[in-house]
Amino acid sequence: RFLNARNSVNCIPGMRPLFAPMSLFGAAFGTRWWNPGLNWPWEWRKTGFFNHTHDVISLVPLISGGSSVYTCSVDVARQILAAEGKTQLFKPRWIAASLWGENIVAASGDQWRRHRRIVAPALTPKTYGLVVAETIAVYKEMIEGENWSEDKEILVPDFNRLPRKIALILISRCGFGLPMPWADTPADQSRLTFGKSLTIVTETVISRLIIPTWLYKLPIERFRIIDQAWSGLSSFMHTFLETRKDVQRGDTDSTDEKQRGDILSRLVAAMSTDGKLNLDEQEVIGNIFTLMVAAHETTAAVITATLGFLAIHEEEQEKVYAEITTAILASNAPTLDDLQNLPYLLACFHEAMRIYPAGVAVVRELTDDISIRIKRPIEETMVLRQGTLVVIDMIALHHNPNTFPEPDIFKPSRWAGTSEHDVSMFGFGARACIGRKFSHVEALCFLALFLRDWKITVPVSATETEREMGKAGINGLAFSVGPISLRLRRRK
Ligand code: HEM
């Protein structure tokens with residue numbers, strides 16, 4: 001079995017652990033020398049890929065799980081993903097489709113093209129204008145909801161929960177027209193709210209993929225709540241869908257609703273469209289869920305990381321503060337145009353995302369042989385065989401000293417002059433992130449408001465905070481910094 005598996009990855013050198021990372025035992029044992037576990041790209045970021053001397057390695061498990069090929073090279077990633085849209089690349093089926101229904105993230109080939117053509121036109125300047133307006137509103141709701149209005153100085157433990165809440169509210173309101181409030185308390189105490197259900201569901205996506213469903217039926221309180229969240233979320237989504245269908249059929253008088261043109265409107269409209277741009281109900285549910293998860297966890301994780309780094313690096317924070325006060329001086333609240341005048345803040349956001357890339361792996365299955373040129377350990381052509389599972393390891397790639405010298409150091413200036421379209425943390429080629437602009441607008445607007453009003457510091461030493469951030473891992477489907485505490489001091 002082992003020899004066959006090794007041959008399937010063309011005998012490329014690499015790791016030979018007992019279990020594949022994405023398998024029940026592999027995930028359960030965590031990262032050990034004999035078991036990479038789910039978090040190995042982070043834990044071994046300094047030494048992986050034979051100390052970054054190899055562009056491509058293989059991972060062949062000795063006992064269970066499939067083999068795969070990993071790359072840490074931007075150049076190799078671009079070569080592989082250049083085949084996107086042709087027939088050689090597929091998303092593995094287990095990625096997301098099995099949980100909720102076919103969707104833009106999980107689909108391949110013509111199916112993917114159909115989903116992308118339906119969803120992409122919903123992300124327009126009108127949407128981004130709404131993101132700015134709602135970010136300003138949610139920021140105020142946060143200050144009131146957290147009772148900070150009168151405070152001069154505040155210590156916020158587990159700061160990570162705030163960006164998570166903000167990002168969830170923003171994608172719900174701006175993408176799906178769901179008026180999610182800051183205070184998320186259920187009318188009926190025995191039921192979970194939509195926000196709580198979605199949070200639990202996103203936190204348990206990976207375990208849901210790995211652990212058999214019958215285990216959740218055991219009389220264990222934690223499993224009962226998880227099960228309740230999954231079934232509750234499903235009925236919430238069907239309700240949203242029915243409501244929006246009524247609106248589009250004209251059963252309600254709300255002109256606002258009818259003119260919305262958001263992601264949900266486009267998905268629902270696709271249900272009554274014939275031909276190539278049609279979606280069935282399960283596909284609409286699949287897309288709602290996937291977009292909500294893809295949008296909120298990623299952006300939230302990077303906002304937290306950005307604030308963590310700026311709290312540690314006061315001199316960078318002061319540079320950003322000077323930029324913010326100049327850029328939004330004229331107005332009390334930033335506009336979409338003002339956000340273009342915050343290049344250094346954007347560079348800080350990108351640098352935090354490079355160190356903690358929220359989209360942690362880009363995974364494809366090859367349906368045909370592909371030849372690639374590699375540089376390390378020697379320049380040569382390498383053939384990746386049909387059937388190979390290829391993982392573009394976004395942590396190794398963004399910590400590769402050959403591409404990013406001194407990769408552990410927070411250095412926003414390294415992004416100076418990079419076009420925002422070329423930022424590798426959002427993926428490559430035809431399937432690069434559809435929400436890049438959404439995430440930029442949301443993050444810049446929130447960070448500008450927050451850093452304009454508060455000077456942030458770390459309550460423990462900088463080294464200790466970096467260590468807290470470094471307890472990073474996959475949270476739901478996004479890679480995210482560990483929980484951090486921040487001290488806020490009002491600027492004026
Ligand atoms: C910091 C924030 C974000 C990061 C780091 C990020 C990262 C990524 C990456 C690396 C991919 C490529 C995955 C692949 O090729 O397999 C991707 C795809 C995608 N992202 Fe994002 N993303 C972010 C925010 C968002 C937001 C805000 C949305 C929605 C509004 C979104 C929706 C999507 C979708 C739908 C895809 C799949 C596109 C396709 O396959 O055609 N993402 N993202």
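**Entry 1**

Before anything else I noted what an axis is: a line fitted to C-alpha atoms, for helices over the stretch in contact, with angles running from 0 to 180 degrees between N-to-C directions. I also reminded myself that this is a predicted model.

Then I looked up how helix 15 sits against helix 17 (residues 343–355), and found that their axes come within 8 Å and cross at roughly 105°. Angles of 65 to 115 degrees count as roughly perpendicular, so helix 15 is roughly perpendicular to helix 17.

Which residues of the two helices meet? From helix 15 I listed V302, A305, T306, F309 and L310, and from helix 17 I listed C348, F349, A352, M353 and I355. I sorted this contact by class and got nine nonpolar residues, one polar and no charged ones.

Three of them make an open sheet in the order 5-13-10, with antiparallel pairing. From one strand to the next, the twist averages 25°.

I zoomed in on strand 10 and strand 13 (residues 486–490), which pair in the antiparallel sense over four bridges. I found I456 opposite L488 in strand 13.

Helix 15 turned up again here: this helix (residues 281–312) lies across strand 10 and strand 13, and runs at about 80° to strand 10.

**Entry 1: around the ligand**

What gives the most to the shell around the ligand? I checked, and helix 15 does, with six residues. Helix 15 and helix 19 (436–453) each supply at least two residues of that shell.

There are 23 residues around the ligand, and T298, G359, G427, C433 and G435 come nearest.

**Entry 2: R364**

Last stop was R364, which I located in strand 6 (residues 361–366). Is R364 buried or exposed? I counted 23 C-beta neighbours inside 10 Å, and the cut-off for buried is 20 or more, so R364 counts as buried.

Leaving out residues up to four places away in sequence, I saw R364 touch I80, L89, F90, K91 and V390. I also checked R364 against E84: they are 280 residues apart along the chain, yet their C-alpha atoms are separated by 9.6 Å.

How values were computed
Residues numbered from 1 in each chain as written. Predicted model: local features only at pLDDT ≥ 70, side-chain atom pairs only at ≥ 80, totals over all residues. Pairing = 2+ DSSP bridges. Contact = placed C-beta atoms within 7 Å. Near = placed C-beta within 6 Å. Buried ≥ 20, exposed ≤ 12 C-beta atoms within 10 Å, placed from the backbone. Parallel < 35°, antiparallel > 145°, perpendicular 65-115°, else oblique. Nonpolar A, V, L, I, M, F, W, Y, C, P; charged D, E, K, R; others polar.
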